[in-house]
Amino acid sequence: MARPQSSAPITVALLGGGTVGAEVARRLVSGGSDLSSRVGAPVVLTQIAVQDTARSRPGIDPSILTADAQAVATSGADVVVELIGGIEPARQLILEAMRAGSSVVTANKALLAADGAVLYAEAARCGVDLFFEASVAGAIPLLRPLRESLAGDHVTKVIGIVNGTTNYILTQMDEQGAGYASALAEAQELGYAEADPTADVEGLDAAAKAAILAELAFHSRVTDKDVFCEGIAQVTAADITAARDMGFVIKLLAVAELVRDEQQRATGIIVRVHPAMVPRSHPLASVRGSFNAVYVHADAAGELMFYGRGAGGAPTASAVLGDIVAAARNKVAGVRDVGESTYANLPILDIGQSLTCYYVNLEVDDRPGVLASIAKAFAEHGVSIQVVRQDGNAQATSGASLFVRTHQATDSALRATVESLRQLDTVKHVRGVMRVEGEVGE
Ligand code: NDP
Ligand code: HSE
């Protein structure tokens, strides 16, 4: 049975009609009858602000296009949906929409991670909703489960693949032997990449998402500046081949973890984004192309896995439309959701305290005593070696390639070890250092 329809329609206005916005607009119109039944009032798309109103946009009524984004933001529509991206003018438009009484739906992780606190505060002050499910992991329902379903539990770690573009690139390089540049161009063509794709490949997009996840998971203020961030630009075809030879695949991971003391009291948060070697047997290794997957570890729930399409117009539109329905239902009921809480107020800890296993790839002399000198450097910094593999001179111009896999070590101990290795005359070159995630027992 459909909800009883209230007489007043719910008006929805879009800021942006690009990859995501156009898909939202088309589905709002084609699925309008169902959406209206789910909301309990007719849902009407009133306007779409774009830059170029003359551009052909199949399936979209050109008469509702306008270049006047400010007029759309201040139109007083029940729900304003921001799908322009970036910091300005998106930020100002969202604030103006709230001040005009509109609830806001956005997919803008860059803005939320940079200035979320201001937006949440303004939403509360104006008595409107601010929903942003699509900002992290595209179609995957992830933020609402964190905010609502897990509100009674204690989340201890969130780890996953949250950027479709880089996962697409790494998958193409691993499976097809594709070049980095051509794989990136394909990801752009498919509508996965940000307007400036350096945000994807440098890890900034994933870092923004990691900040949003950490803030919700740990009830503490986290911004993009709090996230340790390394992208995939330095990952070479040789790294990918070496990882494959050792039974690993390289993924760009986002990790947000709670640090606890011996009494199990939370002492802080570490948030990091970086490429990592993941065992091929781990479920994250089979997350291919633009798909995302996120594990959430919680005290009572244990381990939860969320999986689905993380980028692209239609998958992202699904999450945006879900938020539109939620905001519209609240408008019909005359209520707003409870806003974000940062009551725990945990400090952000330095990456140096982060515990991970590592692979260190060295080019070394191939003579007696070399291994002993290298083992000593690790031992001096308290870094325990798990596996050592020597590959004749497969990669080395002379001497041998040495792969050292460590047990869990702090980032600072590992950095100090690598510094010592660089000083050894037996080590010609530190070819690479990469974190390892997802191993059993670590
Ligand atoms: P696009 O670049 O495809 O679309 C941006 C839209 O905004 C375009 O319609 C553009 O107009 C319009 N626009 C830009 N500046 C202005 C302005 N000053 N006034 C009015 N309109 C303007 O971006 P996406 O659709 O890919 O992304 C939108 C948002 O969704 C971003 O925050 C992004 O991070 C996020 N997102 C994107 C995902 C994806 O897979 N693409 C997935 C999840 C989130 P015109 O069309 O005329 O150029
Ligand atoms: N550029 C982003 C990605 C879009 O590739 O994941 C989805 O947020």
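Asp-365 forms a salt bridge with Lys-428, with 3.4 Å between the closest N and O atoms. A salt bridge here is a side-chain nitrogen of Lys or Arg within 4 Å of a carboxyl oxygen of Asp or Glu. Asp-365 sits in the loop between strand S13 (355–364) and helix H13 (370–380), and Lys-428 in strand S17 (residues 427–436), so the pair ties together parts 63 residues apart in sequence. Helices (H or I, at least four residues) and strands (E, at least two) are DSSP runs numbered from the N terminus. Asp-365 is buried, at 17% relative accessible area. Lys-428 is partly exposed, at 41%. Buried means under 20%, exposed over 50%, and partly exposed in between (1.4 Å probe, protein chains only).

This is a predicted model: local features need pLDDT of at least 70, side-chain atom pairs count only at pLDDT 80 or more, and totals for chains, interfaces and linings use all residues. Residues are numbered from 1 along each chain as its sequence is written, chains are lettered from A and ligands numbered from 1 in the order written, and side-chain values use heavy atoms, leaving out hydrogens and water.

The whole structure holds 29 salt bridges. One of them joins Arg-144 and Asp-323 at 2.9 Å, N to O. Arg-144 is in helix H6 (residues 143–149) and Asp-323 in helix H12 (residues 313–333), 179 residues apart. Asp-323 is buried, at 1%. Arg-144 is partly exposed, at 23%.

Next, a pair within one helix. Arg-422 and Glu-419 meet at 3.7 Å, N to O. Both lie in helix H14 (residues 411–423), three residues apart, about one turn of the helix. Arg-422 is partly exposed at 47%, and Glu-419 is partly exposed at 41%. Elsewhere, salt bridges with shared partners join Lys-109, Glu-194, Asp-205 and Lys-209 into one network.
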